[in-house]
Amino acid sequence: MAKRAKSTMRATLIVKYLAPAAVLTAAAALAQSKSPARRANTTVLVQQFRTRANGYITWREKNVGRAPAPTNSPEKLDDARHELANKIRTARAGAKQGQIFTPEIADYFRKQISATLNGPHGNEVRQSLRHAEPVKMDLQINQSYPANVPLQSTPPTLLLNLPELPKGMEYRIIDRELVLRDSDANIIVDYIPDAFPADTE
Amino acid sequence: MISARNPAALVLALVAIAVAPLAAQSKSNLDVKLPLLKGSVRFAVIGDSGTGEKEQYEIAKQMEAYRQAVNFDFVIMLGDNIYGGHTPHDFARKFEVPYKPLLDAGVKFYASLGNHDDPKLEPLYKPFNMNGERYYTFKKGDVQFFALDSNYMDAQQLSWLEQNLRSSKAHWKICFFHHPLYNDGKMHGPDLDLRNQLSPLLKIYGVNVVFSGHEHAYERLKPVDNIYYFIQGDSGKLVRHDFHASDEMAKSFDRDRTFMIVEIAGENLYFQTISASGETVDSGELPRPAASVKAAETAR
């Protein structure tokens, strides 16, 4: 009971002080202005996306493996990651772009991104994107993210406006694409082409 | 670690030993500004260090010289700990070899992640003391440290931070992460979106000090919301002439690489910023701000 009360207090503080961006973004405003039918459709799309993302991690952990335990040995970490990535590449050999980000889900994400960029904190998000050492590269499903290319940081307000991901998976931005990355295996699982508008910067 | 599978690391280790006398000053020549009070918490700070180049090794030598004088027993790393590739050779050349004297002396390193770091491999690398996590907390004496991943500040991390700041009973609360919330550098500048999300939490829960990197120079800012902000992004990389003139700036330095040594005792934090050539470029004594004490008590 006390735990629940504490949790409620935390939530209150987050809403009151911490995440005004999340509460007041254009995305939220748009959601409120949508008709009940459109809101229901959005809920369905988010649920579909979560099912697919969770399904990938569950499949990978069950059939391929997990990240190793902490170790003193970079060799062991390097070997474990390569092994994990190679097994995924073999097991998902036929995977194609759009298997998790279906066209309907991708459209939902594009709208969320656009609403974030045009929302009350849009300027800060754009500035954050500009300052994050943007990267450009050709993307392929099951490709390892190059070790010598920095990972562009993802603006917090944007993350707060996208569906939560299971542990072991993260969103990353590469040029105008939004990438779903298996962080344990360093594999590109899926991506949305032109997720960010051309005038983002 | 240095191993038979990684003979290049052995060669690097021998090179490091050979150049050691060139950079390190003798203990008696050091200009130590810290009071070295009994029972104090002492640590070093490095940021954007992991280049594997000569300048990183020079800073590492100065750190070892000051460790012998000051006896700090841990180092916080502000990200970009390993630039470029993350092969075993990279871990050796950019971390294990330059800091070998410190590691051999039992100094612990606590890393946070920069945009050039590998957010999975590095947390699993035991010498970085991250225990497999992108963000974590640890306590030394009456000081609690919060290492954050500013590359990916998602709802889970914000919630974790709030929960841990709220429950902390530490006298001093220190956050460290890569991207600065405030900074007058020309190269990157502050991350305003990150500031929007983080600074209310830091203020409400009485965080006293924030260390960040990313900007390849040194800057100390005048307190913002009763929080002391330091930028230390030049322990390996350096960008000269990197600052705009600013009223918020208390001190800046961009002519050489630096590291910091810090001592916390009771109500005071003492700091000293030292360049690769051994020059003290900034130092001082900062009292624990009264307002942050009040904020912490109110939040509790």
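A helix here is a DSSP run of H or I, at least four residues long, numbered from the N terminus. The model is predicted.

Q: What makes the place of Leu103(B) part of a helix?
A: A run of H or I with at least four residues counts as a helix. Leu103(B) sits in α4 of chain B, residues 100-104.

Q: Why is Leu103(B) called partly exposed?
A: Buried needs 20 or more other C-beta atoms within 10 Å, and exposed means 12 or fewer. Leu103(B) has 17 C-beta neighbours inside 10 Å, so Leu103(B) counts as partly exposed.

Q: How far apart are Leu103(B) and Phe74(B) in sequence and in space?
A: They are 29 residues apart in sequence. Their C-alpha atoms are 9.6 Å apart.

Q: Which residues does Val45(B) touch, beyond those up to four places away in sequence?
A: Touching takes C-beta atoms within 7 Å. Among the partners of Val45(B) are Ile76(B), Leu78(B), Phe211(B) and Gln232(B). Phe259(B), Met260(B) and Val262(B) are also included.

Q: Which members of the largest nonpolar core touch the most other members?
A: Phe109(A), Ala44(B) and Val45(B) do, in a core of 121 residues. Helix α2 of chain B, residues 54-70, gives the largest share of this core, with seven residues.

Q: How many residues does each chain bring to the contact?
A: Chain A brings 42 residues and chain B brings 42 residues. On the side of chain A that touches chain B, 19 residues are nonpolar, 14 polar and nine charged.

Q: What is the predictor's confidence in chain B?
A: The mean pLDDT of chain B is 91. Of its residues, 87% reach 70 or more. The model scores ipTM 0.85 and pTM 0.88.

Definitions and conventions
Residues are numbered from 1 along each chain as its sequence is written. Chains are lettered from A and ligands numbered from 1 in the order in which they are written. This is a predicted model: local features need pLDDT of at least 70, side-chain atom pairs count only at pLDDT 80 or more; totals for chains, interfaces and linings use all residues. Two residues are in contact if their C-beta atoms, placed from the backbone, lie within 7 Å. Ala, Val, Leu, Ile, Met, Phe, Trp, Tyr, Cys and Pro count as nonpolar, Asp, Glu, Lys and Arg as charged, and the others, Gly among them, as polar. A nonpolar core is a set of buried Ala, Val, Leu, Ile, Met, Phe, Trp, Tyr and Cys residues joined through C-beta atoms within 7 Å. Helices (H or I, at least four residues) and strands (E, at least two) are DSSP runs, numbered from the N terminus. pLDDT is the predictor's confidence in each residue, from 0 to 100.
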